[in-house]
Structure formats: structure tokens, C-alpha cells
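Biologist: I am new to this one. Could you show me how to read it, feature by feature?

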Amino acid sequence: MEKLLFRNKRKKWNARNWTVFIVATLGLIYILVFHYVPMVGLLLGFKDADYSPNLLETLLFGDWVGFSHFSAFLQDVNFWNVMENTLIVNLILLLLNFPAPIIFALILNEVKHMTFKKGIHVVTTFPHFISWAIYGGIIIALTDQTTGIMNPILELFGLSSAENPVYLMGADYIWAVIIISSILKSVGWGSIVYMAAIAAIDVELYEAAEMDGITRWQKAIYITLPSIASTVTVFLLLNIGRLLSNSFEQFNSLQNSVNLTRSEVLATYIYNLSFSARRFGYATAIGFFNSCISLILLIVSNFISKKTTGEGLF
């Protein structure tokens, strides 16, 4: 009798339930097909897959070489130069590119004219939707020694001259170009999440602070920032986890033979090893090493965050 009553109480699925179920199932299938199934290819890092004409055959029946690829890249001079570029650029981006959307969101939150505020947000968000292939081409055109607009601007500040223009796409300045272009492209889009977090803050907190005579700067420091601390923590941990990861499209579009020693990072190095040098096993081993280090960084940073702030990803 109780089982019969329990069955009667259960609600039948309606159209909305089935829609949610189908969409969730499609998302799960996408993750399985494009994220988990390709992980089988990691076996190439432990097989003699370099210069293989048939990767599927090598994956199934190729000779095992153990950790020889891993020991090889630890002794590779080029690999450590690439690691140095990757770490330094990403650390600078973490120090500059990560807080930039937060600061921008705090500043934009203080703008009271809604039309002007939305206009600024649209303009700063637009570069995010331009592919790096196009955006990189724009950067290259702007920094061109003869036709670009950057050298005349630098001349006004005495940093360049018409007789000896600065080559901004050279090895000496490529890091600055990469970092500045990355900030300009991502600051608007990155601020959307923080703007949403700020909008969820209770307005009564600001009203009570105004009654106590607190300034707008103090409201941002003592109310806004602590209120979005959990959101900031989550994105900080994700950025730390991606400390060895770079946007392949960004570096590939700005890379040339002159700045290669400073612009070659893990993403482009693995790509060149795979599709130019055809060293599939070696490239897979480096990619697997990169993923393992990223996972360790994420776990350690999440553990430290949980112990110090009580906030974390898991």
C-alpha cells in the first residue's frame, strides 16, 4: 500500500523535464566524445610514435618505449627555453591580466550614466569576439615599422625616431605586445562575471555605508571587494591551474622568425613538434607533462586557498 502511494506521489515528466534531460545528455555526450575519448591518445607518449605514418596503428600495436620521451624532453635545451618563456609570460599575465577585469568592473560600477556605462562595456567587450587570426593581424599592422601607427606615437614621447624606428614585433618587445594586446582583448569580457557579482550585492550595505559618511573608494574596498571575494578566488585558482597553458592562436599569430626565441611557448612548441617535425610521441609526452603540472598546481592552490580563506573550487 505504501509503495502504491509513493508511486502515485511521483510526478510525471513534462515537456520541460524532457528538454532539460535531452540538453544535459547532449552536453554529456559532447564531453565524453571530445574530452574523454581523445585521452586515449595519451598512450602515444609512451610508444614509438615519432614519424609514424599511421597513428591509429601505432596506438594499437606500436612498440612501448616507457618514459624515454619524458626523459628526452627533460634534457632538451629548447624545451627549457620554452618553459622559461611560458612561465615568465604567464606569471606576468597573472599579475596584470587577472586583476585588470576586476579593476575595470569596480571602475565601471561607479559610472552612474547607464547609457554611457553600457556603451563602454560594449566597446571593451567587442574585441573578445574577434579571432586571434584577425586581431593578431591588426596588431602586426599597427606595430609595423613603416606603415604602423605605433612608431609615430612613440616618436612623440621620444622613444623612437623616423631614422631608427622601433621594431615592436622583435624579440625585445614581443612580451610587452603580447601582454598589452591580451589585456585589451579580454578586459571587457572578463569583467562581465564580476559585474554580475557586484550587481548581486545587497544595496542596503551601500546605503548604510553612505549614512556613516563612507567614501566611494572605501565602499569599493570594504564592501564591493569582500562581497565578490568568492568569485575572485574561483577565477584566481583557475588561472593558476592554467599557468603553463597559453592561447595557441595568440602566440601563433604574433610569432615570427625574429621573436621566436621569446615567443615560443608550450602550446606552439607542441604544435610545431606534432605537425612540422612529426614527432608525435615526443609532443604527446610534453602535452601530458603540461597537463600533470597544471593539475598539481590547481590541487595545491585550491588546498592553500581552502586553508587560508575557506574558499575553493572543491
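Biologist: How many aromatic pairs does a search of the whole structure find?

Modeller: This is a predicted model, so keep that in mind throughout. The search finds 18 aromatic pairs.

Biologist: How is such a pair described?

Modeller: Two things describe a pair of aromatic rings: the distance of the centres and the angle of the planes. Take Phe 79 and Phe 289 here. Their centres are 6.0 Å apart, with 70 degrees between the planes. That makes the pair edge-to-face.

Biologist: Which parts does this pair tie together?

Modeller: Phe 79 sits in helix H5, residues 77–96, and Phe 289 in helix H17, residues 280–308. The pair therefore links parts 210 residues apart in sequence. Phe 79 is buried, at 0% relative accessible area. Both rings also belong to one aromatic cluster, with Phe 46, Phe 67, Phe 70, Phe 73, Trp 80, Tyr 282 and Phe 288.

Biologist: Which charged residues lie over the face of a ring?

Modeller: Here are two cases. Lys 185 lies over the face of Tyr 135, at 5.7 Å from the ring centre. Arg 262 lies over the face of Trp 175, at 3.9 Å from the ring centre.

Biologist: Let us go inside. How many residues has the largest nonpolar core?

Modeller: It has 22 residues. Those with the most contacts inside it include Phe 98, Ile 102, Tyr 194 and Ile 228. The largest share, six residues, comes from H6.

Biologist: What is Ile 228 in contact with, leaving aside its neighbours within four places in sequence?

Modeller: Ile 228 is in contact with Ile 102, Tyr 194, Ala 197, Ile 198 and Ile 201. There is also a second, separate core of 18 residues. Leu 154, Val 166, Leu 168 and Trp 175 are among its members.

Biologist: How do I read the sides of a helix?

Modeller: Start from the turn. An α-helix has 3.6 residues a turn, so residues three or four places apart point the same way. Now take helix H12, residues 216–227. Its twelve residues reach 15 Å from the first C-alpha to the last, close to the 16 Å expected. Lys 219, Ala 220, Ile 223 and Thr 224 are buried in H12. They cover an arc of only 125 degrees around the axis, so they lie on the same side of H12. Trp 217 and Tyr 222 are exposed on the other side.

Biologist: What covers the buried residues of H12?

Modeller: The cover includes H6, H10 and H11.

Biologist: Is Lys 219 buried or exposed?

Modeller: Lys 219 has 9% relative accessibility, so Lys 219 counts as buried. Leaving aside neighbours within four places in sequence, Lys 219 is in contact with Tyr 206, Ala 209, Glu 210, Ile 214 and Thr 224.

Technical notes: Residues are numbered from 1 along each chain as its sequence is written. This is a predicted model: local features need pLDDT of at least 70, side-chain atom pairs count only at pLDDT 80 or more; totals for chains, interfaces and linings use all residues. Side-chain values use heavy atoms; hydrogens and water are left out. Rings of Phe, Tyr and Trp (its six-membered ring) pair if their centres lie within 6.5 Å; planes under 30 degrees apart count as stacked, over 60 as edge-to-face and the rest as tilted. Helices (H or I, at least four residues) and strands (E, at least two) are DSSP runs, numbered from the N terminus. Buried means under 20% relative accessible area, exposed over 50%, partly exposed in between (1.4 Å probe, protein chains only). A charge sits over a ring if NZ of Lys or CZ of Arg is within 6 Å of the ring centre and within 35 degrees of the ring normal. A nonpolar core is a set of buried Ala, Val, Leu, Ile, Met, Phe, Trp, Tyr and Cys residues joined through side-chain atoms within 4.5 Å. Contact means heavy atoms within 4.5 Å. The expected span of a helix is 1.5 Å times one less than its number of residues. The arc is that of the directions from the helix axis to the C-beta atoms.
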